[in-house]
Amino acid sequence: MSFLSLSKVSYTYPLEEKEAVHNLSFEFEKGKVYGILGANEAGKTTMCHIIRGFIPSFYKGKLEGDIRLKNKQLDEYKEGELASIIGYSFQNPFTQISGVKETVYEEIAYGMENLGFPRQEMIAKVEELIDLFKLADLQDKNPFELSGGQKQRVALASIVALNPEIIILDEPTSQLDPQSTEEIFSVIDLLKHQGKTVILVEHKVDLLAEYCDEIILMADGEIVLSGDVKSVLSNPEVLKHGGQLPQVTRFFLEAMAQEKLKKEKRLPLTLDEAYAKLREEVK
Ligand SMILES: Nc1ncnc2c1ncn2[C@@H]1O[C@H](COP(=O)(O)OP(=O)(O)OP(=O)(O)O)[C@@H](O)[C@H]1O
């Protein structure tokens with residue numbers, strides 16, 4: 001039995017006629033990082049909302065199909081139970097800030113406080129996360145004074161504080177500079193090594209190539225390609241469905257089309273893989 005699965009899941013928002021997602025079937029395994037790719041309005045956020053249970057608890061409408069988490073139907077979980085198993089970072093970090101705490105330090109502790117964590121445990125956890133998310137200089141600031149990227153880091157730290165098994169991140173780096181983006185991906189890698197399952201909606205395909213185990217490509221509300229990162233991100237079909245390929249992979253595809261490199265099925269996705277391939281070529 002799988003950890004988390006969707007089987008033939010379709011959903012239509014209230015007052016809409018067209019399904020926002022159609023016939024989604026996928027099995028998520030524990031401890032893997034999943035990258036969700038796709039053009040705007042492909043259905044990525046809707047699928048994440050279904051997995052988290054916001055659909056149908058918050059958004060009504062028509063939901064069909066079967067969603068199972070740890071051997072139970074998703075709708076058998078109480079909202080509080082789901083919230084503790086699945087952490088969710090929204091596309092806009094502004095909506096994630098509680099609005100009731102005056103410092104970043106208190107904001108990170110807020111969720112633990114609500115759940116009645118022992119004080120010493122809470123302090124130790126907040127300090128660990130301040131260090132991990134490089135928030136020491138910001139810890140006494142009001143969360144609302146922070147930039148978008150800083151808010152995103154605080155929001156993520158607040159989610160990780162509650163130790164969920166699954167973490168859904170909807171475009172967590174869209175407001176971040178390249179360095180902060182790399183930092184968020186290092187945290188994702190760390191979470192993976194702690195056994196967390198990460199579901200990540202992200203357009204930065206070069207980073208997905210480096211950090212994800214599996215990719216799900218969505219187009220027009222459907223899963224059109226899925227599988228291990230190497231098979232999906234070296235498949236030129238991705239481009240036909242409005243997705244992108246890593247820069248390195250595009251370079252190799254072009255060089256092969258112009259017969260500057262010999263044709264191969266397995267294309268490199270990262271610079272390290274490209275160097276290895278080029279070394280083979282010049283042998
Ligand atoms: N609250 C809503 N009410 C009605 N329709 C919605 C709502 N949210 C999304 N949709 C529609 O559902 C479809 C899928 O949208 P969704 O936001 O899931 O796509 P997405 O891939 O996450 O897009 P983006 O990358 O732009 O965030 C789109 O046709 C969109 O217009």
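1. Helix 4 (residues 104-114) and helix 5 (residues 119-132) have axes that come within 10 Å and cross at roughly 135°. Axes here are lines fitted to C-alpha atoms, for helices over the stretch in contact, and angles run from 0 to 180 degrees between N-to-C directions. Helices (H or I, at least four residues) and strands (E, at least two) are DSSP runs, numbered from the N terminus. The two helices are therefore oblique to each other; angles under 35 degrees count as roughly parallel, over 145 as roughly antiparallel, 65 to 115 as roughly perpendicular and the rest as oblique.

2. This is a predicted model, in which local features need pLDDT of at least 70 and side-chain atom pairs count only at pLDDT 80 or more, while totals for chains, interfaces and linings use all residues. Residues are numbered from 1 along each chain as its sequence is written.

3. In the contact between these helices, Tyr105, Ile108, Ala109, Met112 and Glu113 of helix 4 meet Met122, Lys125, Val126 and Leu129 of helix 5. Contact requires C-beta atoms, placed from the backbone, to lie within 7 Å. The residues of this contact are 7 nonpolar, no polar and 2 charged. Ala, Val, Leu, Ile, Met, Phe, Trp, Tyr, Cys and Pro count as nonpolar, Asp, Glu, Lys and Arg as charged, and the others, Gly among them, as polar.

4. Helix 4 also packs with helix 6 (residues 148-161), at an angle of about 30° and with the axes 8 Å apart. From helix 4, Val104, Glu107, Ile108, Tyr110, Gly111 and Met112 meet Val154, Ala157, Ser158 and Ala161 of helix 6. This contact has 7 nonpolar, 2 polar and 1 charged residues.

5. Around the ligand are Tyr13, Glu16, Ala20, Gly38, Asn40, Glu41, Ala42, Gly43, Lys44, Thr45 and Thr46. A residue is near a molecule if its C-beta atom, placed from the backbone, lies within 6 Å of it. Helix 1 (residues 44-52) gives the largest share of this shell, 3 residues. The shell divides into 3 nonpolar, 5 polar and 3 charged residues.

6. The protein chain is divided into domain 1 (4-229) and domain 2 (246-283), with bounds from an automatic or database domain assignment. Their C-alpha centres lie 34 Å apart. The contact takes 5 residues from domain 1 and 4 residues from domain 2. On the domain 1 side, the largest share, 4 residues, comes from helix 8 (residues 205-211). That side has 3 nonpolar, no polar and 2 charged residues.

Note on methods. Contact = placed C-beta atoms within 7 Å.
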